[in-house]
Amino acid sequence: MKILIKNGRVIDPSNNLDGPHEVFIEGARIKGLFPKGKGPKADRTIDASDCIVIPGLVDMHTHLREPGFEYKETIMTGTKAAVRGGFTTVCCMPNTNPVNDTIAVTEFIIEKSLKEGSCTVYPIGAITKAQKSEELAELEAMKRTGCVAFSDDGRPVTNSLIMRRALEYSKIFDVPIISHCEDVYLSEGGVMNEGFVSTILGLKGVPKAAEEIMVARDIALCELTGGRLHIAHVSSEGSVKLIRDAKARGINVTAETCPHYFSLTDEALMGYDTNLKVNPPVRTKKDVEAIKLGLRDGTIDVIATDHAPHHADDKIGEFDSAAFGISGLETALALGLQLVAEGTLDLKHLIAKMTTAPSKIMGIAKGTLSADADADIAVINLANSFVVDSSKFLSKGKNSPFNGWTLKGTVEKTVSLGRIFDWI
Amino acid sequence: MFKAKDLLGIKELTTEEIYHILDTASNFKDVLKRDIKKVPPLRGRTVVNLFFEPSTRTRISFELAAKRLSADVINFSITTSSVVKGETLKDTALTIKALGADFVVIRHSSAGVPHFLSRLLDISVINAGDGANEHPTQALLDLFTVLSYKRKIKGLTIAIIGDITHSRVARSNIYAFTKLGAKVRLICPPTLLPSEVNNLEIEVFNNLEEGLKKADVVMALRLQLERQSKGFFPTLEEYFNLYGLTSERLKLAKDDAIVMHPGPMNRGVEIESDVADGPQSVILEQVTNGLAVRMAVLYLLAGVKK
């Protein structure tokens, strides 16, 4: 099928493009961009009046929960949530059951996503077998099968020697090692940021140092080995500073943050809403400001979702025993657009942090409107407001602290490998 | 006067509400001095004591308070080991609601559980201690006790000694005494001081002798003995040497200072027996006052329109 998207403002950071173009799609590929009114005849025309037309978003940090936790999310529902949120590529973390530490699991995820998925799925393999920080998993075999990065996300690689080996060994095939930075001794039992609010709530805190110690360690190991390090879900001012300094010293490190770390502070936890329980925890106003600065000056390359869907049973009741995580795919773009509205980022930079930047880090040919690229496109109405209603999420995980928020910027249509998803 | 259907913490109370509870408790204390100690205001009402943490004192105090007011009382004790998931807590709460209870008195090791129940249930929820958050009736009975000896709270110096970090009693008392104009001192090792607690209007002392000087009220907290294995202090002996309340050290406080403890005591750890049983101790008086205060809380919440 031939599709023409017209009347929109096309923004493609990968080609430094921003203007009134028409996007012509044939099958699962973009054939090219044409000046306004010059697009070829198509079987279907999408009218993108009052909208921006951007490359489909790329999430380099998603939990799809399958295999093993299908009651929380499946590849089918998670990828539906992705396209609903304007994402056409997700990279799924390996903390499933079984852990994605063998080619069998990698193959399963890829096959299942081709069969049932609404968008492209790239698996992230485990760094260590069963994520136990003891022995390296078969990184090369998983890379060959389709893993685009390695991470023990959900838990840190506690053993520094193993982390060193991972950063060294992965140099063979030039993939990033994604680090979940957490000193588990310092964070033990903690359920929120350590500070005045945790004192007032009587909840056990996780100090920022628990994250920063591991960021510092991994930067040192990255410098030692010359490997490729990517820091996941940066939440604290200290981490931003460490990464900024490492980049200035020419160390090969990249970093991501998530919408909740620039949209929320720990004060939101007054009232004990378990939807705010996330690891690392949301921090303070000072950290939020530092993260915004880090996004602006390029210290933080990527905005990822850390989409962590949970069943309501895992989130209800005691704050201490509720699961960590936020269902984020369906609110990430609108929360990112708040950064544009307030002047922290310009629109092109925001889109770059959700398209070209993660694609480059993961080494995947996504996040671009170049000719012959995959037909992955999102059509966004920037002026439209909506009230977040998590009960209507396509994700199985309704666990959103943004439920009830009024946000601006609606996904009108998503095109994923030429398939059109119509949201209005 | 009382608008909220629940007593979740001292944080949520106004000064007026606190005094209103204390005045009401004073009337009930008179009732408790009578030969016949039972009054009828809660006849036909049901109070459920829902205790997820072992507690004898607080539970029997609430039980007796409810019975003195002619309420029916159900004790529902659940060991935390049998509670695996939050779903169980929700189910338990809904079960209590279905039974037609009017009050639920909740004790739980996890902070925020009373708030969760408060949202889930339209009956009155009374916090009998939640994690390290609050134990409001303990603070109210402590205020009541101090008032009965000192006649006023404003201007007094209250020294709280021990494990502040893990103590809901300390938190509730900090809020209670500062709201009523007292000066609160926290005396503890830096390992047992909560994060950024200095944002509250308190003074911190790492040295017990310094902190005790000229205090009007000296309150020792119970030390959970397992804290030692978590590295908060090296040995119980060292803790006692640094922070144990002895009669020698008590001399640094004002001559008429009173000594309090929320119980149960670890004699020889946070407090010496000579002090616990000495002339300045009002520890048993606290227990009696607890009954009057809990009667007042039940009575006042019963009058709130739901």
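Which residue lies over the face of A:Phe324, and at what distance from the ring centre?

Modeller: This is a predicted model, in which local features need pLDDT of at least 70, side-chain atom pairs count only at pLDDT 80 or more, and totals for chains, interfaces and linings use all residues. Residues are numbered from 1 along each chain as its sequence is written, chains are lettered from A and ligands numbered from 1 in the order in which they are written, and side-chain values use heavy atoms, with hydrogens and water left out.

The residue over the face of A:Phe324 is A:Lys277, 4.6 Å from the ring centre. A charge sits over a ring if NZ of Lys or CZ of Arg is within 6 Å of the ring centre and within 35 degrees of the ring normal.

Next come the ring pairs. Rings of Phe, Tyr and Trp (its six-membered ring) pair if their centres lie within 6.5 Å; planes under 30 degrees apart count as stacked, over 60 as edge-to-face and the rest as tilted. By this rule there are 8 aromatic pairs over all chains. One of them joins A:Phe24 and A:Phe34, which is edge-to-face because the planes stand at 80 degrees, with centres 6.3 Å apart. A:Phe24 is in strand E4 (residues 21–26) of chain A and A:Phe34 in strand E5 (residues 29–35) of chain A, 10 residues apart; strands (E, at least two residues) are DSSP runs, numbered from the N terminus.

A:Tyr169 and A:Phe173 also make an edge-to-face pair, with centres 6.1 Å apart and planes at 85 degrees. Ring pairs link these two and A:Phe150 into a cluster.

Technical notes
Helices (H or I, at least four residues) and strands (E, at least two) are DSSP runs, numbered from the N terminus.
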